[in-house]
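Subject: Structure for your review

Hello,

Here is the structure I said I would pass on. My notes on it follow below the entry.

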Amino acid sequence: MGLLDYTDELIETVENWDGTVGAPNAMNRKKNRIRVFKNRLIEDVFATSHPAMPGVWFGPIIMYGLYASLTSPDYGVLAGLALYAFGILTWTLMEYSLHRWAFHWKPADNFASKNRLFMLHGYHHEFPNDKWRLVAPPVLSWPIAAVTAAFYWFVAGPTLFWPLFAGHVAGYLAYDWTHYATHHFKPRSAFGRLVRRAHMVHHFKVFHLNMGISSPFWDFVLGSYAWSDDAIKEAVAEAKAFEAAQG
Ligand SMILES: [Zn+2]
Ligand SMILES: [Zn+2]
């Protein structure tokens, strides 16, 4: 058995999937989750994650970065906080961009292309309530964190590295936990209700809108939001007309 062998269940699901990252198809609606890898270590340790775990992996980076930002000999406390906040903002743009322009692209009609997208985001749309694959598992979050760290190190330089990178990671953690909460907790605040509703509309009604998850900020800036009943109805009608025109 190869380390990365897929289960028959995964292969069958991807083969039957039409590649549309949208509402679950009829077959998947009846299930909460499927198993992806045959190897238990890969499946349980690297390809799934308890929702608390990103805090364990990334919490120390966030805390150390905040400490380094506030005690740097190169800039003052306020500048440190501003840089940290800017790092958070860069995450929100990355969250929006990845979701809008990478996770929802239309794959080619072959297994490899469909499978790649399914692993990235299709799985979450087909099985939105799988608790174990809701926050990003290490196989996804660690490489992205490594590339982002290298980017900040080489582009911003060692002096600005910690506040920017740690702020960015703090934004990521807030996103992952907000996303988990939108699927598994009842929101108590008006903002929480808005975030949840926007995300459920994205899952089940209009997949090309409401791409921001931790906040609707970039949807608002880039005009991709649908919150009111009228806006949602209009977007659904537009999407249907577009599909009909495509045949
Ligand atoms: Zn999505
Ligand atoms: Zn979701």
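Asn210 has 25 C-beta neighbours inside 10 Å, so this residue counts as buried, the cut-off being 20 or more. The model is a predicted one, so please read all values here as computed from predicted coordinates. Asn210 sits in the loop between helix 9 and helix 10 (217–222). Its phi is near 55°, a positive value in a residue other than glycine.

The buried residues of helix 9 are Val195, Ala198, His199, Val201 and His202. Seen down the helix axis, these fall within an arc of 155°, so they line one face of helix 9. On the face turned away from that buried side are the exposed residues Ala190 and Arg193.

As for the whole protein, there are 11 helices and 0 strands. The radius of gyration is 19 Å, close to the 18 Å from the globule rule for 247 residues, so the protein is as compact as a globular protein of that length. Along the principal axes, the C-alpha atoms fill a box of roughly 60 × 50 × 35 Å. Of the 247 residues, 29% are buried. Among contacts with a separation of 6 or more, 73% are between residues 24 or more positions apart.

Regards

Conventions. Residues are numbered from 1 along each chain as its sequence is written. Chains are lettered from A and ligands numbered from 1 in the order in which they are written. This is a predicted model: local features need pLDDT of at least 70, side-chain atom pairs count only at pLDDT 80 or more; totals for chains, interfaces and linings use all residues. A residue is buried if 20 or more other C-beta atoms lie within 10 Å of its own, exposed if 12 or fewer, and partly exposed in between; C-beta atoms are placed from the backbone. Helices (H or I, at least four residues) and strands (E, at least two) are DSSP runs, numbered from the N terminus. The arc is that of the directions from the helix axis to the C-beta atoms. The radius of gyration is taken over C-alpha atoms; the globule rule is 2.2 Å times the number of residues to the power 0.38. Two residues are in contact if their C-beta atoms, placed from the backbone, lie within 7 Å.
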